[in-house]
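Colleague: I'm new to reading models like this one. Could you put it up, and let me ask about the words you use?

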Amino acid sequence: MGRKVTLATCSLNQWALDFEGNSERILRSIEIARTHGAKYRLGPELEICGYGCADHFYESDTLLHSFQVLRKLLESPVTQDIICDVGMPIMHHNVRYNCRVLFLNRKILLIRPKMLMANHGNYREVRWFSPWNQLRKVEEYFLPRMIQEVTGQDTVPFGDCVLSTKDTCIGTEICAELWNPRSPHIQMGLDGVEIFTNSSASHHELRKAEQRVTLIKSATTKSGGIYLYANQRGCDGDRVYYDGCAMVAINGEVVAQGAQFSLNDVEVITATVDLEDVRSYRGELCQPHMESEPKPCHRVKVDFSLSTGDDIYLPTHQPVAWHLHTPEEEISLGPACWLWDYLRRSGQAGFLLPLSGGVDSSSTACIVYSMCVLLCQAVKDGNSQVLQDVRRVVGDDSYHPQHPRELCSHIFTTCYMASENSSENTCGRARDLANQIGSTHMNVNIDMAVKGILGIFSVVTGKWPQFRANGGSHRENLALQNIQARVRMVLAYLFAQLSLWAWGKPGGLLVLGSANVDESLTGYFTKYDCSSADINPIGGISKTDLKSFLHYCVQQFQLTALRGILDAPPTAELEPLIDGQVSQTDEVDMGMTYSELSVIGRLRKISKCGPFSMFCKLIHMWKDTLSASEVAQKVKHFFRMYSVNRHKMTTVTPSYHAESYSPDDNRFDLRPFLYNTRWTWQFRCIDSQVAQMAANAPKQ
C-alpha cells in the first residue's frame, strides 16, 4: 500500500569547531540510519560546526569550513538514497542564519532558516543570527561555487518551506520553535504536513526532561502527526551539557526513545510508522480547521518516496513508556558525562579534588566515581572509543579497566588539607570516602604555609592578626579564614601540576571545585579559595539536592562512608576548635538555612523578585514559621549578603549548569557586581509594609 515509513533521528556528541570529528560523527549516523532501512535522517542543531561556537559565528572561517564539510557530505556514497537533514550557519544577503540543509543524492532540496530564536537563560542566538521572520516566504539562495561543482545547481529554495515527497510532507522546526507559543508545527499540521522534525541543542537542567517530552507529545496530540526530535549530546566546550533524548512520537505517543545520558558519541534512533495512522487520527479532530488554513506552506517537491509499494508485512513501532530519571540519578549521570568529555578533550591525565569530608566536596568525589562506573560499563559493553580515550588518559595503551575503584585510582587524586582548625572527624570522613571510591588520597598540613605568609605580613607591618575567639576583630577573623582557604587553592594547583611528575607519570591533573549554587548566591566562599578550580561539577546544584544525591550514592554504590558525612553539620572549619570540636557552622555563618536559600534563589531568578516583591511572597509562604518582621529580616539579610558578594561571581569557577536559579555571571544571570548594599528605598518599602501589617493586626 505504500504507507509505512522508516525514519531516523540521532544524538551526536559534537564539539565546537571540531569540523573533522563532527563530519565523521554525522557520516557515521547516516550510515547507521541507512543500515536500519531509514529513508530520512535528522541531526542536531548546527551539527556541522557545533552549537557552542559563540562569537566564532562572526568569523568567515566558520561559514567556509561548514560549507567544506557540507561538500564532503554531499560527495560521500554514504549519503546516497536517503534524505539527509543537517544543521549549519549560512549567510544570505549578508545576514547570518541558523539553518537546516536538506539534501538527497547530491542535490540540495531546500534550506530552512530558524524563525524563532532562543535568547534567554544560557542562549544568546540573536547575538549571532537573525530570525527568518517572513512567514511562508521563500527566496533563491545562490550556492557557493564549491557546492555548485557537486550539485550542478546555481540556486536552491531558502525560507519558510516544507518538503513534499511522493508519499508525504515533511516540515521543519528548530529547537526553541517547539517551546514557543507560536510553534510552526501548529500551522504546518493544519496545512497537511504529516512529519515534523526538530533539530535541537537543548541543555540539561534538573527536572527539565519531562517538559521536553510533554511538549513533543502535545505537539502531535492536538492535531496528529509524526514528530522526530534530534539533540546534541555532551560537553561541546562550555558550562552546559546537552543531554540527548532523541525520540520519535506519533499522535501523542512516543514510539522510540534514545538515552538521556550516554558515553556513546553517536546514537541513532529509528522507527517505522504508518502514515495512515496520522490521516485517520486527523480525520475527526482536524478536518474543519484544515479546510480554513489561510496561508498554505510553500512546498518543495522531490521525486522520492519514503515508503515502498510492498510494506504490508513491515511491523510498526508501538508506544513505549518514557523512563524519566530522578533528580538524584540526573546528578549522578549528567555531570559525570560532562566531566568525562572535559577530561578526554582537555588532554589531561585526571582530576585532583581538595576533599574536606563535607557534603559538597564529597558530592564532587561521588560524581567522579559515577563517571568511572559509566566508563567501566561502556568498556564492558564494547565501546571502543571509550576504551581508546581511557587508555590515552591513563597513558597506557594496554590498559583495560576492570572495576570503578581501580580506574578511580588511576585518574582521581584527593587531598585533605588540614590546618590547626581541622577536626579529626572530617579528616577521617575524607579518608574513609577516598578509600571506598579508590582515589589516590593524600593528607597535607597547611599550617606551615599559613604561618609563613602571616610572618611576611608581620615583618612588614609589625602586627599579627588574631581570631575572634582569641580577642581579634571581625576584620582579623575574616582575614585569617581567607588566608587558609587561599593557601589551599595554591597547594591544590601545585599538587595538580606536579603529583604525577613526582610519581614518575606523565601529564597533569585538572583541579575540581565544590561550591554549590546556594553558597554562590550569598557569596559564602572566599574569592580564589579552594572552591576556585578548573571546573566545578556541582556549582549549579542546590545543597538540598546534593544531600539527596549522597543518600542515593549510599544505596547505588554502597558508599557507606557518606552516612557520617550526611549526619555532620556543614562547616568550613576555618575558625579555632573549642575542646577539639567544630565551633563554626555554615548555616549560622550565613544567617539562614540551605532550604531557605533554595526558596529565595528561585524567587530571585525564576520569579524575577526584587527585595520588596520577595518579601510580599514570603510572608505567605513562611507564615506558619516566621512573623512578618522575621521574614523582612531574612530578606534584607539575603540581599545585603548577595550584593556585598556579587563581585565573587565574576571570578567563580566554570560550573556545570544544572539549575534554573543559578547565579552564574558568565551568561545565565547578568547582573551588576557593584551595588548600593544598603538598598535604602527597597528596604524602606518593606519596613513600611511590616508597620502597616502590625497596625492592622487584630488586638489580643
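Colleague: Why is Ile453 called partly exposed?

Modeller: Ile453 has a relative accessible area of 36%. Buried means under 20%, exposed means over 50%, and partly exposed is in between, with a 1.4 Å probe and protein chains only. So 36% puts Ile453 in the partly exposed class. Keep in mind that this is a predicted model, where local features need pLDDT of at least 70, side-chain atom pairs count only at pLDDT 80 or more, and totals for chains, interfaces and linings use all residues. Residues are numbered from 1 along each chain as its sequence is written, and side-chain values use heavy atoms, with hydrogens and water left out.

Colleague: Where does Ile453 lie, and what is it in contact with?

Modeller: Ile453 lies in helix α13, residues 447–461. Helices here are DSSP runs of H or I with at least four residues, strands are runs of E with at least two, and both are numbered from the N terminus. Leaving aside neighbours within four places in sequence, Ile453 is in contact with Ile483 and Val487; contact means heavy atoms within 4.5 Å.

Colleague: What about Gly192 and Arg239: how do you know which class each belongs to?

Modeller: Gly192, in the loop between α4 (184–190) and β10 (195–200), has 22% relative accessibility, so it counts as partly exposed. Arg239 has 18%, so it is buried. Arg239 sits in the loop between β11 (226–234) and β12 (242–243), and its contacts beyond four places in sequence include Trp338, Pro654 and Tyr656.

Colleague: What makes α8 and α9 roughly perpendicular?

Modeller: Helix α8 (residues 327–346) and α9 pack at about 80 degrees, their axes 8 Å apart. Axes are lines fitted to C-alpha atoms, for helices over the stretch in contact, and angles run from 0 to 180 degrees between N-to-C directions. Under 35 degrees counts as roughly parallel, over 145 as roughly antiparallel, 65 to 115 as roughly perpendicular, and the rest as oblique. That makes α8 roughly perpendicular to α9. Among the residues making the contact are Leu339 and Trp340 of α8 and Met371 and Leu374 of α9.

Colleague: And why are α20 and α22 called roughly parallel?

Modeller: The axes of α20 (residues 611–621) and α22 (residues 680–696) come within 8 Å and cross at roughly 30 degrees, so the pair is roughly parallel. Their contact has nine nonpolar, two polar and no charged residues. Here Ala, Val, Leu, Ile, Met, Phe, Trp, Tyr, Cys and Pro count as nonpolar, Asp, Glu, Lys and Arg as charged, and the others, Gly among them, as polar.

Colleague: Which residues does Leu562 touch?

Modeller: Not counting residues up to four places away in sequence, Leu562 touches Ser362, Cys366, Leu433, Leu550, Cys553 and Val554.
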